[in-house]
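The sequence and structure come first, and the pairs follow.

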Amino acid sequence: MNTATFIAKRYLFSKKSVNAINIISAISMVGVLVASGALIVILSVYNGLEGLILSMYSSFSSELRIEPASGKVFKEDTVVFEKIKKDSRIASYSQVLQEKVLLRYREYQYIANMKGVDPSYGLNRPADNLLWDGTFVLSENGINYALLGAGVFTNLGISLNSILAEIEVFSPKKGVRSALNPADEFNVRNIAPAGVFKAQQELDDLIIVPIGFARDVLGEYDEISAIEINLKKGADLNRVQKDLQKLLGKNYNIKNRVEQNPGLYKLLNSEKWMVFFILAFVLVIAAFNIVGSLTMLVIDKQKDVAVLNSLGAPHGLVKRIFFLEGIFISMMGCLGGLLLGAVFCIIQEKFGVVRMGTTTIVSDVYPVSMRWSDFLLVFLTVLLVSGTASAISSRLSVKNMEQLKASE
């Protein structure tokens, strides 16, 4: 242990002649502690919310989705797609046909986003935990059923308990224009609703139907809109995505869940970093209390500094002593804050102390998810801020003391 570190540690725990120095140092430490703990809690909550949203979308969004780079539909009857189907890393491979349609139920109408999927769609997904009413089924005993988003259900005023509850689905016929009878310009099919799901606003206008029904309504029997892929446990998502992109080339886009819903994740991340910088600013204010603490400490230790100077200690050594003093105060507060934040997150995760105030389908408590990268980020932020404040404070305080001695 070098001289500067040894003396700085002695000053940190020794009793000062002026009690106000201890109080200001304690305030500085508590300020850093509270700010550090708050940063960990806020970042962990946003991580939890991100994970919650991911889990909600995972019920309706595949891990990877293949879409055409241009146009709405494409044919998959090529050797390349057959090779993808046989990839040992892929757990499920599903065709999707998706398009806007007009829905009518009694006197109500609504434009929805119809998604045609394989009838076994629900068997491989935990989507039933997002059901608000009804059952998660698309085909049973040869009868087609539809799953409705909350927006579709609300705007059409559908009753799932009615045996006569059938929705009319309208889609323009291909190649038909200005028919004598306007009804001849549309394909019209009926389907019964089986359940209603309530997840995110982006899914409210969705109606999920068997792909055979979607082909019949849209008059599209050869092409599809997308291919949804889920991977086996342990498969490297990024590696598979890169391999598929290389295999399919620039004519196709392979998107993960974040890329399928970019607006949502961009909003979530922007809010997370906005809150981080606000709390970091509070941390800056708390850390700069060190300036006052070190200034008073320098005045209190004038005799010690004079003894060091008489022994030939350079000015750099004196500055390092008070610089390290400020770092020690901040680091004690930082480590205490990280520990306090971690304890709070563990309690919240186990017991759900803080609740959202409203009950949702998925969770009624604020989710938390701690990441080591957040702890490292907060530690480095405190180190940077406190290091800057301590360097400025030690330099100015020692310089002012020297000027004061010279004037005497």
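In this predicted model, Glu99 and Lys72 form a salt bridge through their side chains, with 3.6 Å from N to O. A salt bridge is a side-chain nitrogen of Lys or Arg within 4 Å of a carboxyl oxygen of Asp or Glu. The two residues are 27 residues apart and connect distant parts of the chain: Glu99 belongs to strand β2 (residues 90-105), and Lys72 to the loop between β1 (64-68) and α3 (79-85). Helices (H or I, at least four residues) and strands (E, at least two) are DSSP runs, numbered from the N terminus.

Glu99 has a relative accessible area of 26% and is partly exposed, while Lys72, at 61%, is exposed. Buried means under 20% relative accessible area, exposed over 50%, and partly exposed in between (1.4 Å probe, protein chains only).

Two further pairs are listed here.

| Salt bridge | N to O distance |
|---|---|
| Lys85 and Glu82 | 3.5 Å |
| Lys100 and Asp205 | 3.3 Å |

Lys100 in strand β2 and Asp205 in the loop between β8 (186-197) and β9 (206-210) are 105 residues apart, so this pair also links distant parts of the chain. Lys100 is partly exposed at 46%.

Lys85 and Glu82 both sit in helix α3, 3 residues apart, or about one turn of the helix. Lys85 is partly exposed at 36%, and Glu82 is partly exposed at 38%.

In the whole structure, the search finds 12 salt bridges. Shared partners join Arg65, Glu67, Lys115, Glu228 and Lys255 into one network of salt bridges.

Residues are numbered from 1 along each chain as its sequence is written, and side-chain values use heavy atoms, without hydrogens and water. Local features need pLDDT of at least 70 and side-chain atom pairs count only at pLDDT 80 or more, whereas totals for chains, interfaces and linings use all residues.
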